[in-house]
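Here are my notes for your first read-through. Keep the structure open beside them and find each residue as you go.

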Amino acid sequence: MNTLNKIPCGKTVKVKKLTGEGPVKRRIMDMGITKGVDVFVRKVAPLGDPIEVTVRGYELSLRKADAQMIEVE
Amino acid sequence: MSVKIALAGNPNCGKTTLFNALTGSNQFVGNWPGVTVEKKEGKLKGHKDVVIMDLPGIYSLSPYTLEEVVARNYLIGERPDAILNIVDGTNIERNLYLSTQLMELGIPVVMAVNMIDVLEKNGDRIHIQELSKKLGCEVVEISALKGTGIKKAAEKAVGLARQNKAVVPVHEFSKEAELIIKKVEEKLTGIVEEQQKRFFAIKLLERDDKIGSQMERVPDVSTEIQEMENVFDDDTESVITNERYTYISSIIGSCVTKGSKEKLTTSDKIDRIVTNRWLALPIFAAVMFLVYYVSVTTVGTWATDWANDGVFGDGWSFFGISVPGVPVLVESALNAIGCADWLQALILDGIVAGVGAVLGFVPQMLVLFVFLAFLEACGYMARVAFIMDRIFRKFGLSGKSFIPMLIGSGCGVPGIMASRTIENDRDRKMTIMTTTFIPCGAKLPIIALIAGALFDGAWWVAPSAYFVGIAAIICSGIILKKTKMFAGDPAPFVMELPAYHMPTVGNVLRSMWERGSSFIKKAGTIILLSTIVLWFLMNFGWSDGSFGMLEAEQLDSSILAKIGSVIAPVFTPLGWGDWKMAVAAVTGLIAKENVVGTFGILFGFAEVAEDGAEIWGALAGSMTAVAAYSFLVFNLLCAPCFAAMGAIKREMNNAKWFWFAVGYQTLLAYVVSLCVYQIGTWITTGTFGIATAVACLLVIGFMYLLVRPYKESKTLHVNMKAMAGAK
């Protein structure tokens, strides 16, 4: 099973499921990362974390620890 | 009839620009009751009876962030007559997510699709009739920056507000979800108004922990929640969020036509370089250097010197014409009317100097605020958080905390004010509390004095002072984020990186002015008052058996000296129980560089050099090196000067938090100095006493606070009553 934090830069993946609960999960979903959406991993910050992704046509940054909650295909 | 229109939308959608364009200079900036979220209200240009309320920028109406709770409470509790929902046309999918929530409130909505000029340039088109039909509200195309369409949008909103018609949302979720929502809505009959039913039903289904306080009675919906979770095999909150985005995805195809595909925009090109894996840090360093160099080293210093030494000093030169300073003018005026000496001194050294202490910081601050406003508006500030997050989040700070701390190494006052750029409430408070630990410019003379007098000018004293400051920030961050006051609120770092764009001069200047004037208004009083009080304590006392005003050299008979000798024993465990030290530390509250001058007077010199070279011998004779270092550490970490305290008060906007911050700083300073002196003396001389044991225990306790486990909270703690009570 793959999670978003393991996806290398430059790849597009489809979100399968979100694990976890509470504010972080809600926030991730509020920002548009929901089941079935395409996420493009754009880059990693200079210090290795967080990552920047393109979702629903805009740029979003999230920490790798949080990206681990996002299961992808 | 006067109407109220709420301006709602995502952060970075151009809401502030629109608000400024609609209201002009007719604005009132304040805070929402009980919280540190800024509240802006204004009157629509040309309509005295139309009030526009600028809600905080939000992505959703969830109960997890302060901004969202503030916006919700306003929308439900105050019920504006209409909502003007501003939507970023270049990022419409995510922006519509909030819109679907706003539609459910039962308040008429006008949607303003912003950045229409950018869309045209990209060749994209939004079909507003279709969008209007699918969302059940009027849609207007605008460009807040260029001013196109904003009048029409405002008029539509006013018209709708005056009609006072109930509205029903038209968007629909899947059949299964709608069925369950319907069931909950039925249970709400008689509890909430018809048109608000859907909003409350969904919030109840989402297990929203803050909605109960907005309702008279909370019906039990656990069976419906259970049903929904069984049908969709997910928690209800996620089900609803999914349903919203599914609906948006289903309509977006018919509402938006994209022009050219997959072309790199200018913003993408900039971002490729600016946050490039290898170039990001050097560029960041260069930007920070520029900000520091201009706002602290060069222009900032000139501005401060001009304000302090020129306008509030002896005078300054205006293209060769010498202009006398305010004190000089006031003095000659007072002399002319034959004012009594003591009153003259009060006015000059107390009041004028106090006002000067407030206003002296303003020019430098304005220079800094121009930079901050620019960095924020152009989109680079979000990248600062992106680049620095990894380092700062470990000790409970935001990546954006870097800027306040950098500026704080020049002067703590603008440093604290710079914390305004941090959105997250917890990160911001933590930054405000720790910024002044970094030695500011005014603390350098103290470092030079101690290094020169007791350490023979050793090279390591100054770097060690910075090291102490940084260590204090890191340790405080780790300790404080585990305390009840901070561990309370969740702070997910899921942040939008907005597209770069050029801010307008007007908006940058307006932001600069808002921040600058709020410092003068909110911080000014406390600075002025405390300066006057301390001036009185320093200049009045008992000489020749009678109470009266003293000469500057008679500081040792002042009220302050008396207070100093009473409180001095408190500092005995720190190694400097001499009243002179205590008095010097207290005068440091006016400005830290005063510490050196006070020593000069107390040791019998009317004037000393900046590093106090004249008194090195006397000082070295009165204390040990360890005690001197303890004194230095105390002055570095304890409550900052009055001006910085005023800035803390302004930014905390809450008396309890202000005292907590100042109290924490002073307590930390005391504990660290105690440990430095006691353990230092133990090592150097081998004496071990009760105080040494206490110091060792404190070190162990400190270690425990550093390593104890920590768990992030899942709910936002906010006093709903305080927020609602102060309407």
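**Notes on the core and the annotated sites**

1. Start with the nonpolar core. In this predicted model, the largest such core holds 227 residues. I5(B), L7(B), V110(B) and I450(B) make the most contacts inside it. Its largest share comes from helix α16 of chain B, residues 362-378, which gives eleven residues.

2. Now place that core. Domain 1 (3-172) and domain 2 (175-257) of chain B both supply residues to the core, so it lies between them.

3. Look at I5(B) next. Leaving aside residues up to four places away in sequence, I5(B) touches V50(B), I52(B), P80(B), D81(B), A82(B), L84(B), A157(B), V158(B) and A161(B).

4. Turn to the annotated site. An unreviewed UniProt entry marks N20(B), A21(B), T23(B) and G24(B) as "binding site". N20(B) sits in helix α1, residues 15-23 of chain B. A21(B) is in helix α1 too.

5. Is N20(B) buried or exposed? N20(B) is buried, because it has 20 C-beta neighbours inside 10 Å, and 20 or more is the cut-off. A21(B) has 21 other C-beta atoms within 10 Å, so it is buried as well.

6. N20(B) touches N507(B) and R510(B). A21(B) touches A144(B), G147(B) and I150(B).

7. An unreviewed UniProt entry places "domain: Ferrous iron transporter FeoA-like" at residues 2-73 of chain A. This span is 18% helix and 40% strand. Its end C-alpha atoms lie 7 Å apart.

How values were computed. Residues are numbered from 1 along each chain as its sequence is written. Chains are lettered from A and ligands numbered from 1 in the order in which they are written. This is a predicted model: local features need pLDDT of at least 70, side-chain atom pairs count only at pLDDT 80 or more; totals for chains, interfaces and linings use all residues. UniProt positions are given in the numbering used here, feature names are shortened, and annotations may be inferred rather than shown by experiment. Helices (H or I, at least four residues) and strands (E, at least two) are DSSP runs, numbered from the N terminus. A nonpolar core is a set of buried Ala, Val, Leu, Ile, Met, Phe, Trp, Tyr and Cys residues joined through C-beta atoms within 7 Å. A residue is buried if 20 or more other C-beta atoms lie within 10 Å of its own, exposed if 12 or fewer, and partly exposed in between; C-beta atoms are placed from the backbone. Domain bounds come from an automatic or database domain assignment. Two residues are in contact if their C-beta atoms, placed from the backbone, lie within 7 Å.
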